[in-house]
Amino acid sequence: MDRFAALADPTRRSIVEMLGERALSAGEIGARFSASAPAISQHLKVLREAGLVTVEVRGQQRIYRLDPAGLAAFDAWLGKVRRFWGRHLDILEQELAKPEPGEGDNR
């Protein structure tokens with residue numbers, strides 16, 4: 001699944017924000033929502049398949065944490081967008097700084 005599509009869901013965005021603070025078990029994540037355990041499990045599966053989180057199995061527990069590689073892909077995309085807008089905003093600034101025709105003529 002596409003990373004952006006995975007984050008289109010508010011529950012999944014909340015999970016990513018939680019994991020931005022620290023790694024959590026599936027149970028700890030589920031306890032923060034009113035959704036059923038199977039629903040939270042499905043959300044975690046989507047995030048895992050999108051490359052946004054990793055899971056470590058410790059006995060019966062599954063510990064989830066953010067996947068730096070998945071987040072790096074977002075950062076790379078944002079970098080491209082920033083460069084696009086930076087160039088275009090620089091051009092706009094130059095155009096706005098040009099005097100209007102007839103402006104500055106002291107006749």
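This note goes through a predicted model of one protein chain, from its overall form to a few single residues.

1. Overall make-up. The protein chain contains five helices and three strands. Read from the N terminus, the order of the elements is α-α-β-α-α-β-β-α.

2. Overall form. The radius of gyration of the protein chain is 23 Å, whereas a compact globule of 107 residues would have one near 13 Å. Along the principal axes, the C-alpha atoms fill a box of roughly 85 × 25 × 25 Å. A pair of residues gives a sense of this scale: L7 and E100 are 93 residues apart along the chain, and their C-alpha atoms are separated by 46 Å.

3. Surface and contacts. Of the 107 residues, 24% are buried. Among contacts with a separation of 6 or more, 48% are between residues 24 or more positions apart.

4. The sheet. Strands of a sheet pair through backbone hydrogen bonds, either parallel or antiparallel. Here the three strands form an open sheet in the order β1-β3-β2, and the pairing is antiparallel. The edge strands, β1 and β2, each pair on one side only.

5. The two pairings. Strand β1 (residues 24-25) is joined to strand β3 (residues 61-66) by two bridges, and L24 stands opposite Y64 in β3. Strand β2 (residues 53-58) is joined to β3 by six bridges. In β3, I63 has E56 opposite, and Q61 has R58 opposite.

6. The hairpin. How many residues lie between β2 and β3 in their hairpin? There are two, and G59 in this turn has a positive phi of about 65°.

7. Helices on the sheet. Helix α2 (residues 10-21) lies across β1, β2 and β3, and runs at about 90° to β3. Helix α4 (residues 37-49) also packs on the sheet, where it touches β2 and β3. The direction of α4 makes about 120° with that of β2.

8. Residue L7. This residue sits in the loop between α1 (3-6) and α2. Is L7 buried or exposed? Its relative accessibility is 19%, so L7 counts as buried; the cut-off for buried is under 20%. Leaving aside residues up to four places away in sequence, L7 touches R12, R13, V16, L47, L52 and F74.

9. Aromatic pairs. A pair of aromatic rings is described by the distance of the centres and the angle of the planes. The whole structure holds two such pairs. One of them is F4 with F74, an edge-to-face pair with 4.6 Å centre to centre and 85° between the planes. F4 is in helix α1 and F74 is in helix α5 (residues 68-97), so this pair ties together parts 70 residues apart in sequence. In the pair of F4 and W77, the ring centres are 4.8 Å apart and the planes are at 65°, so this pair is edge-to-face. It links F4 in helix α1 with W77 in helix α5, 73 residues apart.

10. The aromatic cluster. F4, F74 and W77 make up one aromatic cluster. Which of these residues are buried, and which are partly exposed? F74 counts as buried because its relative accessibility is 13%. F4, at 40% relative accessibility, counts as partly exposed, and W77 is partly exposed with a relative accessible area of 41%. F74 is also one of the residues that L7 touches.

Technical notes. Residues are numbered from 1 along each chain as its sequence is written. This is a predicted model: local features need pLDDT of at least 70, side-chain atom pairs count only at pLDDT 80 or more; totals for chains, interfaces and linings use all residues. Side-chain values use heavy atoms; hydrogens and water are left out. Two strands pair if DSSP finds at least two bridges between them. Helices (H or I, at least four residues) and strands (E, at least two) are DSSP runs, numbered from the N terminus. Contact means heavy atoms within 4.5 Å. Axes are lines fitted to C-alpha atoms, for helices over the stretch in contact, and angles run from 0 to 180 degrees between N-to-C directions. Buried means under 20% relative accessible area, exposed over 50%, partly exposed in between (1.4 Å probe, protein chains only). The radius of gyration is taken over C-alpha atoms; the globule rule is 2.2 Å times the number of residues to the power 0.38. Rings of Phe, Tyr and Trp (its six-membered ring) pair if their centres lie within 6.5 Å; planes under 30 degrees apart count as stacked, over 60 as edge-to-face and the rest as tilted.
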